[in-house]
Amino acid sequence: HAVWADPTTLVIDGDAAEWRASAPAAVTIERLEQFVQIGPRPPRELWGGPEDASLALWLGWNDSALVLYGEVHDQLADHDPGAWFQGDSLELFLDVGERGPIWGLDDYQVMLAPDWSERPWGVYPRPGQGPDGAIASDCGFGGVEVVNRPFSGGYSFEARVPWRNFARYRPAPEARLGFNLALCDRDGVGAHARFTGAAATV
């Protein structure tokens, strides 16, 4: 469930106070069974526990943007400039139209790498998404803000993604937004990822 993020008081600064007081985390990734094997080695050989890679995520919304606050535990930062998903990142899969089994123009894959200053966010565009000539790193998106706060063994982050980037999507109370999330973690030994799914009510 997504909480109301009051635009008159919201500050994108990675501060936990306003989120932890509002509701429990909407999504948590902290168990071995949440891993999905995407390489030759099984998750049990790659994951060292919640301190190795885990996530608590809060979801918020207002009339202008999707807002996220998260706390990521990761002992070793490791990014891949050529393929975001093969390094440390979070991937957001959003369906802003009619729900269905086939990927369409109203489905989006957004990458967040809050602790990677060179490229803290991006979009994996599909044909027909974004303006003509949109580069693969942003798909014509604008107004995205991502801020992180390091702590021992990980970081917290806050992000705002304007709705105007999503095919004229307009949120409304109790509307349902198709939402899935992948937490990708690579500790210098190849890629592995865990996935969890959630239908976020906004």
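**Two loops and a strand**

User: Where is cysteine 139 found?
Analyst: Cysteine 139 is in the loop between strand S8 (121–123) and strand S9 (145–151). Strands (E, at least two residues) and helices (H or I, at least four) are DSSP runs, numbered from the N terminus.

User: What kind of model is this?
Analyst: This is a predicted model, where local features need pLDDT of at least 70, side-chain atom pairs count only at pLDDT 80 or more, and totals for chains, interfaces and linings use all residues. Residues are numbered from 1 along each chain as its sequence is written, and side-chain values use heavy atoms, leaving out hydrogens and water.

User: Back to cysteine 139: is it buried or exposed?
Analyst: Cysteine 139 is buried, with a relative accessible area of 2%. Buried means under 20% relative accessible area, exposed over 50%, and partly exposed in between (1.4 Å probe, protein chains only).

User: What about its phi?
Analyst: The phi of cysteine 139 is positive, about 55 degrees, although the residue is not a glycine. Most residues other than glycine have a negative phi.

User: And what is phi for glutamate 174?
Analyst: Glutamate 174 also has a positive phi, near 70 degrees. Glutamate 174 lies in the loop between strand S10 (154–162) and strand S11 (176–185), and is exposed at 60% relative accessibility.

User: New topic. Which side chain does glutamate 91 join in a polar contact?
Analyst: That of glutamine 109, at 2.7 Å. A polar contact is a pair of N or O atoms within 3.5 Å; within protein, one must be able to donate a hydrogen and the other to accept it, and residues adjacent in sequence count only if both atoms are side-chain atoms. Glutamate 91 lies in strand S6 (residues 89–95) and is buried at 6% relative accessibility.
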